[in-house]
Amino acid sequence: MTYKAPVENMMFALDAIADLTNDCVGGLHSGISVEDARGVIEEGARFATDVLAPLNRAGDRIGARISNGDVSTVPGWRNAYVAWREAGWNAIDLPAEHGGMGLPTRLASVAMEMWTSACMAFALAPVLTQGAVETIEAHATDALKRLWLPKLVSGEWTATMSLTEPGAGSDLGLLRTRAVRNDDGTFLITGAKIFITYGEHDLTDNIVHLVLARCPDAPRGTRGISLFLVPKYLVAADGSLGRRNDIRCTGLEHKLGIHASPTCAMSFGDDGGAVGWLIGKENEGLACMFTMMNKARLYTGLQGVAIAERAFQQALTYAKTRRQGRSPNAIEGPSPIIEHPDVRRNLMRMKSLISAGRALAYAAAGAIDRSHHAPDLEAREREKELAGLLTPIVKATCSEIGVEVTSLGVQIHGGMGYMEETGAAQHFRDARITPIYEGTNGIQAIDLVTRKVLRSEGKCVQNLIAHFRAIGEEAAASTNSHIAISGTAVIETINALARATRWLEEPHRRQDELLAIASPYLKLFGVAAGAALLTKGAIFAARSIVAGKVKPVHHDALAVAAFYAANIAVEALPLERVVTESLARPMAISEFAL
C-alpha cells in the first residue's frame, strides 16, 4: 500500500504536453521557472509519501465518526492537516492578494494528484475549499472577500458545496431550501442538505458552507436559485469567532468507499434560521456555483488519475513478487506473474490510461492558466472556452479511467485482490464515486454535446480537432517507427471524432437524438484526445533523445503512446458508429421494453 509520487512522469506531462516551460519562458507566469516548479513538486511528493500515504489504510478501516452531531476524523488526520496547511499547500494557485502563492493551476493540479494518490479521503477537503475561494473571489462583495478569504486561502477554515437535497439529487431545480432576507441585509436559511463532503469535522475551527437556496419570490426551477455563504460560526469584524450558527450535522452517510471523508447530512435553521450572506445576485446562484463546480470537476477527473496511479504502483509491485505458473520463455517455474503476457498487457493498459488521463487533465489546467494570464483579451477568452470544453471530458474520461484501472489492479492481485487485506479493493471502492459526484458522467456528456460542442458554431471544437490532427500528421511523417504508428492512429481517431461531430451539428438533429448518444460521443472525444496528447508527448521525447537529453521517461513516453495507439485508440471507430449509426438501426433506445 506504499505510494511514491511519479515526479518524472508528472514533470514530463507538464513540460511536453501542458507546455509549462514554454509558458514560463514566454512570460505567462512571471518570476516562475521550471526549476521552481520541480522544487514545489518534489517537496509535495515528500509530504504525500511520508505524511499522507501512511494514513490511507487506517482511514479506510476506521472512518469518520459522529457523536451528538460532532464529527471526529481518523486519529492522525488533524495533525496531518495542520502540517499540510502550515506548509502552505492549500494556497498554491490561490490569489496572492488574499495570502495565496498565485502559482499556476498546473502546479496545483499536480499537488492535488499527489494528495489524492496518497490519501483520497484526506484530499477531498481542500478541493472544496479551493473551489469556494474562487467562487467568493469571483462573485462576492469586497466586504465578504476581506472577511472570509484570508482564512479560507490559508486553510485555517474549510468550505463545503451544499447543493444536494433529499429527493432532488442532480436536479437542482427541485431544491426547497429557503432564504428570507433580514433587515440588515443578511438572510435566514432553512432546509436540509445531503451528501455534503466535510460538512462537519474537527480539522478546523470554522466551516464555511456555500448553500443554494430560494428566496420567497424566486422563479421556479433553476432560474430561481441563489447562493449564500453560511458559516458554522459567525465571525466578528476583526475575524474572531462568535456564536455558533443554526447549523448541525444530522448524520454521516455509510459509503462504499472514501470512509475517512465525512459525508454529512446537514440541517440549516432548526432554531429559526441559519444566518447567511448572498453571493452574487439573487436568482443567479447556479451561475456562481459553477465557478466552484468547474474546478471541482477538474479535480474529480484528477482523482481518477490519482487513485489509478496508486493502484498501478501496487499492482506492479505485486506482479513482480507474486510467483505462479511458468511464463512462456521460462525454463522452470513458478515465474513472477509480470512475465505472463496477459498480466503485462493489463499493466501496460493501466499505465497508458493513466498517462492519457494525466495528459488530458494537465492540458485542461494549462488552458485555465492561459485563460487568466494570456497577454490579450481575445486569447484569454479563447482559452477560457477551451477550458470549458475540456472540463466535462476530463471529469468523465479520467474518472472512468480510475474505475477501470483500479478494477484491473484487483484482477492482477487475483483472489487476494478481492480480499481487503491487500488494499487493492480499497482503491476500487474509493474510485467508484468519481463518475458519480460533481455531476454524473451522463450529465457531463449532456453538457459537452448540448452546450460546449454547439457553442460558437462549434469553432472551439473544430480548432481543437485541427490541433489534434496536426499532431497526428507530424507524427505520421516521422522516421521513428513508434511515432509514425502513433501518428497514423491519431489521424484515424481524430477523423472518427470529426465525423461524429459533424453528425451532431446537422441542423435536423432532435434533442432526444443528441442526448441518446452523448455518452458514447464523450467517450470517443476522450479516446481521441488521449491519443493526440500522448503522441504530442512522444514527439517531444524523440526530440529530447536526438538532442542527447535522454531519460527513462522519454523511452516510456514512446512506448506508452505506441501501446495506446494499438490497443486503446482503436476503440474510436466503434464509438463513432455508435454515435452516427445506432439510432438508425432497428430498436432505438426509446423502443426497448425496459
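A crossing of two helices is left-handed if the near helix is turned anticlockwise from the far one by less than a right angle, and right-handed if clockwise. The notes below apply this and a few other terms to the structure above.

This is a predicted model, in which local features need pLDDT of at least 70, side-chain atom pairs count only at pLDDT 80 or more, and totals for chains, interfaces and linings use all residues. Residues are numbered from 1 along each chain as its sequence is written, and side-chain values use heavy atoms, with hydrogens and water left out.

1. Helix 11 and helix 14. The crossing of helix 11 with helix 14 is left-handed. Helices (H or I, at least four residues) and strands (E, at least two) are DSSP runs, numbered from the N terminus. Helix 14 covers residues 441–453, and the angle at which helix 11 packs with helix 14 is about 155 degrees, with the axes 9 Å apart. Axes are lines fitted to C-alpha atoms, for helices over the stretch in contact, and angles run from 0 to 180 degrees between N-to-C directions.

2. Contact means heavy atoms within 4.5 Å. On the helix 11 side, the residues that meet helix 14 include Gly-388, Leu-389, Pro-392 and Ile-393; among those in helix 14 are Asn-441, Gln-444 and Leu-448. Sorted by class, the contact of helix 11 with helix 14 has five nonpolar, four polar and four charged residues (Ala, Val, Leu, Ile, Met, Phe, Trp, Tyr, Cys and Pro count as nonpolar, Asp, Glu, Lys and Arg as charged, and the others, Gly among them, as polar).

3. Helix 16 and helix 20. Helix 16 (residues 481–505) packs with helix 20 (residues 572–581) at about 5 degrees, their axes 9 Å apart. That makes helix 16 and helix 20 roughly parallel. The contact of helix 16 with helix 20 has six nonpolar, two polar and three charged residues. Among its members are Trp-503 in helix 16 and Val-579 in helix 20.

4. Helix 13. Seven of the eight residues of helix 13 (residues 424–431) are buried, so this helix is largely enclosed by the rest of the structure. Buried means under 20% relative accessible area, exposed over 50%, partly exposed in between (1.4 Å probe, protein chains only). The buried residues include His-427, Arg-429 and Asp-430. The helices against which the buried residues of helix 13 pack include helix 7 (120–139), helix 9 (285–321) and helix 11 (377–413).

5. Most residues other than glycine have a negative phi. Asn-68, not a glycine, has a positive phi of about 55 degrees; Ile-258, also not a glycine, has one of about 35 degrees. Asn-68 is in the loop between strand 1 (65–67) and strand 2 (70–72), and counts as exposed at 79% relative accessibility. Ile-258 is in the loop between strand 10 (247–252) and strand 11 (263–268), and counts as buried at 5% relative accessibility.

6. Strand 5 and its partners. Two strands pair if DSSP finds at least two bridges between them. Strand 5 (residues 187–197) pairs with strand 4 (residues 178–181) in the antiparallel sense over four bridges. These two strands, 4 and 5, form a hairpin with five residues between them, and Gly-185 in the turn has a positive phi of about 95 degrees. Strand 5 also runs antiparallel to strand 11, joined by five bridges, and to strand 12 (residues 274–279), joined by three bridges.

Definitions and conventions
Parallel < 35°, antiparallel > 145°, perpendicular 65-115°, else oblique.
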